[in-house]
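Visitor: I would like to go through this model with you, one region at a time. Could we start with a helix?
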Amino acid sequence: MSQSLLDPDFLVFVTDESQASTNSLDDFILATLEDATPSVGMYNVPLTLIENSSEVFGHSPKDSRTRYVRLGEETARFTLGPMSPRDFMETFCSCPADVLNEMPLPTNAFETIPRAGNAESDIYEPLIVALNDAGTDGSSPRCPGFTFLDTSEHPDTGGNYALKPDVLCYASEHVPRVRVNDSHSRADMGFASFFIEIKREPLQDFFQDPPAHWGSSRGAQLLKLGDAKWDTLQYFGQNIAYAAELCVRQYRHCCFSISISGCWARLMRWDRSGLVVTRTFDLHHEPEILCEFLWRYAHMSEAERGMDLSVEVASEAEEAKFRDSIREHVALQLELHDRRLEPAVLEHYQPKAVSAICIPDAETHEPRRYLVSRPLTAPLSIVGRASRTYWAVDAETGRVVSLKDTWRVLTDRAEQEGTVVDALTRGGVANVPNVLSHGDVFSISDDHNSESASLSTVTQTTQEFVAAHWACDLGVDQSSILRYSHYRLVLSIAGYGLQRLKGSDELLTAGYHALQAMCDASSSKRLHRNVHPASIIIFREKADVDRRAFLVDWDLSGDIDGSNQRTRPPHDAMWQFVSIGILLRYPRPHRIQDDMESLLYVMLYCALRWLGHSMDPEQLLILLTEMFDYSSRYSRKIQGGDHKVMNAIQRKYTKDVQFTNRALHKWLNKLM
């Protein structure tokens with residue numbers, strides 16, 4: 001009988017092998033921290049420093065134009081507009097009438113801005129003066145408590161990309177942290193409140209408004225896609241990149257921005273469901289719109305501006321407990337006790353950047369306080385579940401656990417991930433961690449001057465306008481603009497994804513453990529439906545014991561009998577590991593065979609990325625790009641799997657690969 005991954009005895013034939021040196025990553029981490037600035041409450045959240053932070057598992061080109069176009073194509077499906085500016089402000093920027101009555105007169109507020117410029121600076125230089133001007137009569141500035149600065153010459157290099165919006169709006173208290181001189185500052189998305197992106201002339205507006213006499217925008221397309229399609233997508237993608245970075249560098253549930261082309265402007269609001277954009281308005285003829293938006297913004301609460309008030313600053317004592325607990329846990333998990341320990345600790349901890357989050361205990365339902373610092377994963381897109389995962393420390397016991405901060409889809413059949421995982425563990429499913437705490441995030445929202453407050457679940461807003469008469473629907477994927485609820489989950493194990501595997505034996509052992517979990521779950525009528533390298537966590541329970549793998553990330557799972565009608569992957573599933581049938585949109589529900597196929601791709605990918613083999617870097621990039629990343633658009637639908645089919649039939653990509661480990665080579669060669 002042939003041996004397979006289902007046979008645990010097969011693993012004894014696999015010899016251990018070491019990964020490539022991690023010295024370069026260690027040096028990168030230490031160098032990065034030299035320039036790190038402390039976190040301030042909800043602002044300046046530490047960035048992930050793991051190897052794949054900038055790409056997750058994709059290998060598409062990372063140059064800015066290609067990335068912006070890709071972001072533009074993706075987010076166009078989740079963009080609604082043009083909403084009237086008046087409705088936009090009434091919906092998203094509430095403000096008492098007595099406060100509005102104190103707004104400085106908007107007459108000729110932006111008369112110095114040309115209708116078009118020879119350069120973008122012709123627009124934003126007079127704009128900044130107008131926005132910060134307090135008026136000769138001693139009146140208030142347009143946006144009290146905030147300062148607008150030119151950030152076009154000093155990019156933010158703290159993230160994975162160098163970003164330099166033309167104008168950033170900062171709370172005035174944060175300006176000393178970022179100012180370069182009287183008129184310029186360095187771009188710092190960790191402290192920015194919102195951004196303004198400028199194009200020099202109206203023709204560079206990437207949106208188009210349907211004619212007013214239509215009465216409805218149904219049947220129209222909002223994004224301007226014509227002869228200048230690629231420029232349009234690039235300009236739009238640039239704004240998307242800024243919004244995504246703002247939300248990943250701060251604890252937020254939404255953010256605002258302004259797009260200006262010549263003297264024409266649009267207001268924009270971004271959340272995890274998508275983007276709402278207003279019709280364009282002329283700053284010369286309708287200056288009151290921008291003036292009122294800025295005045296309202298200045299008088300909104302932090303929560304209304306998009307900040308997540310459920311996150312607190314940890315005390316010095318709590319930070320010390322966090323640091324010591326993480327150091328001890330890293331030493332256990334990686335068996336490190338030399339100079340490599342400190343860089344490994346700093347993958348989870350940034351000094352002076354520890355936060356506290358309260359989550360209901362799974363048993364008592366009482367709030368339990370957890371400490372977090374640097375995330376292991378963070379979202380690269382503005383739309384979707386936007387999951388952040390952390391090693392967290394129980395503030396009371398010092399126990400190290402894993403914490404997932406995400407946005408779960410709200411549908412009639414949607415279940416909380418913690419409820420699903422708890423049912424699996426109670427049902428005896430192997431290699432699934434225990435749930436310690438979980439629940440939707442609640443936010444205190446005040447009504448300005450009232451002492452009363454209401455407790456409400458934090459949900460997203462964009463999806464409420466899918467059917468609005470003003471929303472263009474051509475090119476919009478209305479079925480994918482979903483309602484999300486902010487949700488947190490704490491699991492009992494804190495380990496590493498497969499990118500930190502130690503050799504072929506550990507990879508195969510992890511695959512076997514994941515397969516056990518998948519098969520047990522299938523017997524309990526549950527399919528995972530999103531298997532990827534980070535969903536398999538390797539964890540050491542105590543010293544001198546081999547690491548064991550656990551299958552996590554059950555948030556996209558489905559019940560075989562009830563909620564498993566999906567025949568295509570959601571836009572934020574790990575595309576590279578989805579099965580052929582789902583990528584090609586076969587007219588059938590997801591099956592256990594699809595999960596098993598995904599696991600095979602995970603094993604192949606990990607072996608190619610982190611274990612020894614015969615391919616040179618150029619060959620490897622071609623294989624990874626074509627077999628794992630490939631997608632195409634047919635009848636306005638994205639599908640893939642063509643190259644996986646070619647490999648399944650002809651072994652086009654894998655037949656010439658020779659893996660260093662002979663047992664691993666034999667195993668993969670047989671299954672591929």
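Guide: Let us begin with H14, which is mostly covered: 15 of its 19 residues are buried. Please keep in mind that this is a predicted model.

Visitor: How far apart are the end C-alpha atoms of H14, and what span should its 19 residues have?
Guide: The end C-alpha atoms of H14 are 27 Å apart, and at 1.5 Å a residue its 19 residues should span 27 Å, which agrees.

Visitor: Which aromatic pair does Tyr 605 form?
Guide: Tyr 605 pairs with Phe 628, and the geometry is edge-to-face, with 5.4 Å from centre to centre and 75° between the planes. Tyr 605 belongs to helix H14 (residues 592–610) and Phe 628 to helix H15 (residues 617–629), so the pair ties together parts that are 23 residues apart in sequence.

Visitor: Are Tyr 605 and Phe 628 buried or exposed?
Guide: Both Tyr 605 and Phe 628 are buried.

Visitor: How many aromatic pairs are there by this rule?
Guide: The count comes to 23 aromatic pairs. One of them joins Phe 539 and Phe 550: the ring centres are 6.1 Å apart and the planes stand at 70°, so the pair is edge-to-face.

Visitor: Where do Phe 539 and Phe 550 lie?
Guide: Phe 539 lies in strand S19 (residues 536–539) and Phe 550 in strand S20 (residues 548–551), so this pair ties together parts eleven residues apart in sequence. Phe 539 is buried, with a relative accessible area of 12%, and Phe 550 counts as buried at 7%.

Visitor: Which residues form one aromatic cluster?
Guide: One cluster is formed by Phe 88, Phe 92, Phe 146, Phe 148, Phe 194, Phe 256, Phe 293, Tyr 297, Phe 465 and Trp 470.

Visitor: And charges over rings: which ring does Arg 67 lie over?
Guide: Arg 67 lies over the face of Tyr 161, at 3.8 Å from the ring centre.

Visitor: Let us change topic to S13. Which strands do bridges join to it?
Guide: S12 and S13 run antiparallel and are joined by six bridges. S13 and strand S17 (residues 484–491) also run antiparallel, with eight bridges between them. Nine of the ten residues of S13 are buried, so this strand is largely enclosed by the rest of the structure.

Visitor: Which residue in S13 is the bridge partner of Tyr 390?
Guide: The partner of Tyr 390 is Leu 403. On the S17 side, Val 409 has Tyr 484 as its bridge partner.

Visitor: What phi does Gly 398 take in the hairpin of S12 and S13?
Guide: Gly 398 takes a positive phi near 80°, in a hairpin with five residues between the strands.

Visitor: What covers the buried residues of H9?
Guide: The cover includes helix H10 (341–345), strands S11 (367–372), S12 (388–394) and S13 (400–409), and S19. Among the buried residues of H9 are Phe 322, Ile 326, His 329 and Val 330.

Definitions and conventions
Residues numbered from 1 in each chain as written. Predicted model: local features only at pLDDT ≥ 70, side-chain atom pairs only at ≥ 80, totals over all residues. Heavy atoms only, no water. Phe/Tyr/Trp six-rings, centres within 6.5 Å; stacked < 30°, edge-to-face > 60°. Helix = DSSP H or I, 4+ residues; strand = E, 2+ residues; numbered from the N terminus. Buried < 20%, exposed > 50% of the residue type's maximum accessible area, 1.4 Å probe, protein only. Lys NZ or Arg CZ within 6 Å of the ring centre and 35° of its normal. Expected span 1.5 Å × (residues − 1). Contact = heavy atoms within 4.5 Å. Pairing = 2+ DSSP bridges.
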